[in-house]
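Please open the model in a viewer and keep the selection panel at hand.

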Amino acid sequence: MKQLRIRTLAGLFGAAGVLSWAGARLWNALGTLPSVPLAAPIVLAVIAVVLLATALSIRSRLRAQRERRPDAKGVDPMMAARALVFGQASALVAALVAGMYGGTGVFLLEQLDIPARRDQAIYAGFSVVAGVAVIAAAIFLERVCKLPDDDDTEGTAPVA
């Protein structure tokens, strides 16, 4: 499985941000602007907490296995793989969503004198912060699930 690349996530964030900013300008020219829901940063924060809790749980189980504690619970490889896929998918979606709300938030910065737009800009800012937290938690989970002999040498045959 390939590792997440910060460049890819930053590219998704930037592209979504530019498209969202342009879309917000166009939509505002038509007279309305879609709102940033209050639930957006909350949901992203919950996903970040779930990813972090999963990473910490797997890390403590692996540490207990390495130290050969008698009460150590093993880590099921399929469970770790599922957690890793969930983390990577969450990071990609969070980069897109954070970019989208970031672009909308940048557009809303021009209109902070209107109380409703100011609230929307705050929600958009918190959504970007929560999206970055999801990405950070997913990268931490990926590092925890990485095998010690995983050198990104896919496709090479072992020397006999």
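**Helix H2 and its cover**

The cover over the buried residues of H2 includes H3 and H4; helices here are DSSP runs of H or I of at least four residues, numbered from the N terminus. The model is predicted, so local features require pLDDT of at least 70 and side-chain atom pairs pLDDT 80 or more, while totals for chains, interfaces and linings use all residues. Residues are numbered from 1 along each chain as its sequence is written, and side-chain values use heavy atoms, without hydrogens and water.

Select Ala40, Pro41, Leu44, Ala48, Leu51, Ala55, Ile58 and Ala64, the buried residues of H2 (buried: under 20% relative accessible area, 1.4 Å probe, protein chains only). After H2 comes Arg68, with a positive phi near 55°.

Next, display the largest nonpolar core, which has 23 residues (buried Ala, Val, Leu, Ile, Met, Phe, Trp, Tyr and Cys joined through side-chain atoms within 4.5 Å). Ile58, Ile135 and Leu141 have the most contacts inside this core. H2 (39–66), H3 (77–108) and H4 (115–145) each supply at least two of its residues, and H4 gives the largest share, 9 residues.

Centre on Ile135: leaving aside neighbours within four places in sequence, Ile135 is in contact (heavy atoms within 4.5 Å) with Leu9, Ala91, Ala94 and Ala95. Apart from this core lies another, of 5 residues, among them Ala24, Leu33, Phe107 and Leu108.

Finally, select H1 (residues 6–29) with H3: they pack at an angle of about 40°, their axes 6 Å apart (axes are lines fitted to C-alpha atoms over the stretch in contact; angles run from 0 to 180 degrees between N-to-C directions).

Note on methods
Buried < 20%, exposed > 50% of the residue type's maximum accessible area, 1.4 Å probe, protein only.
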